[in-house]
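Keep the viewer open as you read.

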Amino acid sequence: MCLTRRPEHYNRTTQDEFPDTGTALMTPIGRLLRIQGATVVAAVMLIASGWTGLNALQVYQWTLPNQYFVPPVSFSADGRYLALGISMGPAYDPCPLPTCEGRLHVFDLRSGTRVVASTAAHARVMSLAFLHHSPQVAAGYADGKVRVWDLRTSQVAAEYSCCNGKWIRALAAAPNDSVLAIGAQSGQIMLWNVASDLGGDRTERGSARSLPGHVYGVSSLVFDRSSTYLISTADDQHVRRWHVGNANTYEFSRAPDKAKAHRGMVKSVTLLNGDRWAVTGAYWEGGTYKDYASSSPPDHILRLWDVDTGRPIRSYPLEFGVRCCLRPLPDGHRVAFLRATGWSEDPVLEIFDFDRGQSERTVRPSMGESFHSMGAHPDGNQFVIAIGDGNFLIWNRGVGRVVAQLVSVDDGWAVLTPDGRMEFSDGFSRWPCRNNVQRACRGGAPANSTPGLLGRVWAPLQ
Amino acid sequence: MNHLRLRVKCLVGLEHQGALLQSGMARVLFLVCAMTMVSAQQYSYWSLESSPDGFYRNVLNLGASYQRYFSFFYYFDGFPVNLDRLDTSTREAAKATLAREGVRLRTDLNVYNRASIFLFYPETWLKGRPDTAEMRTGLAIWFTCSLLAVVTAFWYVGMPVLGLAVALLCGSNPFQVYEIYHLGSSTIFSMVISTGLTATAIALVLSSPASVRRPRLAVTLVCLAAAVCALQYEIRLEGIGGFLGAAFAWVVLSRHSVRQKLAYACLFAIMVAGTSRFMSWYFDGKLATADQIVEQHGGTPAKITNAYYSTQWWALWSGLGDFDEKYGYLADDRAGISYYYGHDTSLHSEPAMRKDYLERMASDPAWWLDILGRRVKRIFTENTPYRVGYGTWHIDLPLDATIVTLAALLPLAAALWTWHTTVLTMFAVSLSIGAVSIGQLADYGLQFYSVVHLFVAAYVACVVLDAVLALCRVTPPALRATAAG
């Protein structure tokens, strides 16, 4: 074969590469030894400068769009009171005082009035729980404080500092009001003997005992009716049942069958069917590409557990994972919750029927709205959905639409119905018209108020 | 002995097939044909009307897309303000949306991957509107360019067939094809391979003897590499992994003098720093513009500067939960955030994660090494198939990953024996493309970041082809010169 001359750049022969025949055919070890010291120094310098450069980047703290702050919404067991946790400040985590302040607003739905509106510079309200036998509500704050507010006096009746100042992400009052379970971001679970502390003077210390808890943040707590057991869920993918008396625990999920366990951060738990079933939901972030490619990704699943044995009963695939707020409906076989919708992560309200094993209804936010959290009235018909900035939607399951919007801020509150009626509290007129109330205003001045409208919104429930 | 080594060197250097392309016309024709084939293949994917097979994919969603910021960026030159699900189909509609949103407008905080916003432009120009644009076309252009760079680089160093084989295999890689060409919300996970291939191409040329003789070419390539590296850092940090192997290969294997190496290293560092500084200045300006517009409408500005931040140790830390929960680590990056906020926050997040990671590594090195070992194994044995595709058609070559990998050890050992710079460079660089797969989370599908198995398969096939040509008495110039001597 006749070989033509290669161009210069292509003219790479063995001789060209290694002009010194002796060097060209040296063994690799010999060649390695010939690498000059300065080259090694250059490599070390490059690595060192790269390392230094990467370290120089590590100066910023995570602040993420509200990953953990879920503005809490809670109803009292008799459905009379509605408590709202409201954040004043930017919508990101972490947002401590004084950048973000929390407010607790409690409405008496029977009288249509706001009975508590805290204005003190407290940290964000992260969780809420009503006591069952007295008009009192416990609020967990982002600075590790737990305060019990008396709705009759609108004052703090007891206070407890907990968990090294970490977020109090979950609260649950025992049905006999003997203890208040506190779940913190540190994974700690404390049982605060709130009954004795409420009986005495307001205390900063409180009497509490600790359960082993979780490694990661506690996301949800619920007691059974007998106040014997407490069930906790956490970001560590575990669901645990605790005996309140002796702190013994067992896992719902990890053993013995890991395949039937949650593989995402477990976001919420509630009890059904006379407390014999526990329902849990997780927001999926784990799993493998194979799981995702399969028809049923690992944790877009609603799981049903036998509370007595801890064994899984059934699992129900969802379109996406549960974001928060599993609430039981009074018929005993339905739950409501906020569910993610995809990578955009805008949740929807979903009602799931366990008898039929499928979703009964899905409520999607209107354009420009985002559902942040949700509370279900014990009647199972009205739902309050937090959409941010002190705005809440009241959605009625019976009529299948939003029946009112509630705005609650420092200056006062307002309720607005789709037919254009509205009610403003005293002082609210000083608050500038904005957001969704804006369309009901005339040149910045609120239109006429309809007294008693807030009460009538809930009237069918009374 | 020396003749045997020379023969082996010609074989591992694929010089027999190079000998078939001696004439200038043949070389140019081959290059044009190869580039046409690669471009046509990528066009066939781009023009698909349905998403490609999504089995091999990255299941992460963080940092997936900044479509929500693009309309504001496009119309008002500010970044980052989220106008997702709002009417921004035209400039007038976007202005009306701003007026309507008012106090709800907000400049977002801590947005990383920010340079990915540029990738929306090509599709915007095609569609004529920003609100439905995705990164698909931008990513496709970048990937096609990187494949063409690979073809050109291998052609330049005298391995044109190998370059074409690598480009076709990487171009058909189902992970990459899905990440780039799927319909709907775009992700930026394809950037690791695209940039890694570009780094490979640059390092190959830079390590070749020709670059020693052409300092202007070398300087241009160093500057280009630095610009790509800095841009990649602003899009996806982990994509920089591709440059680690390139730097290693070049420092150890290239024939530049020590003085030249130091000069080029300094040039590279200065260019990276300069480009990064420019990008920061640019995005700080966009942030200020966004704040100004948001404030004008009564919204909440970010009021911070230098909002960029790194999450590398977070990702490394989360990866400790890849295979077991011995120490409670979870392969879930959001769980990592949860853990941090539940524990000692006196340290910033990244140093806290780094401290915990390094302490755990030091306290149980066997466990840590076991994780790395399992990831390396996964890169070779649980990776994408050896696929060649065009549009909706594809064929998976029935090759066993273990056998192909073992088969590559022989020519690799031969390359070591003869110290074949180009081959060693190729292996070092291609391995580094998957460096992130070894360091970070695995279960999410990050092993697909590594395409080293495709390099290996292409190389083994070319060695076999070269052996066949040798048997057919095709003689490379080196052997011919030796014989003549």
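In which sense do strand S3 (residues 81-88) of chain A and S5(A) pair, and over how many bridges? They pair in the antiparallel sense, over 8 bridges. Before going further, note that this is a predicted model, where local features need pLDDT of at least 70, side-chain atom pairs count only at pLDDT 80 or more, and totals for chains, interfaces and linings use all residues. Residues are numbered from 1 along each chain as its sequence is written, while chains are lettered from A and ligands numbered from 1 in the order in which they are written.

Some ground rules on terms: helices (H or I, at least four residues) and strands (E, at least two) are DSSP runs, numbered from the N terminus. Two strands pair if DSSP finds at least two bridges between them.

Back to strand S5 (residues 101-108) of chain A: 7 of its 8 residues are buried, where buried means 20 or more other C-beta atoms within 10 Å of the residue's own, exposed means 12 or fewer, partly exposed is in between, and C-beta atoms are placed from the backbone. The S5(A)–S6(A) hairpin has 4 residues between the strands, and Gly112(A) takes a positive phi near 70°.

Now hop over to chain B, with its 23 helices and 2 strands. Its radius of gyration is 24 Å, close to the 23 Å that the globule rule gives for 485 residues, so chain B is as compact as a globular protein of that length; the radius is taken over C-alpha atoms, and the rule is 2.2 Å times the number of residues to the power 0.38. Buried residues make up 54% of those 485.

Buried residues of H19(B) are Ala408(B), Pro411(B), Ala415(B) and Thr418(B). An α-helix has 3.6 residues a turn, so residues three or four places apart point the same way. Just after H19(B), Trp419(B) has a positive phi of about 50°. H22(B) is likewise followed by a positive phi, near 65°, at Arg473(B).
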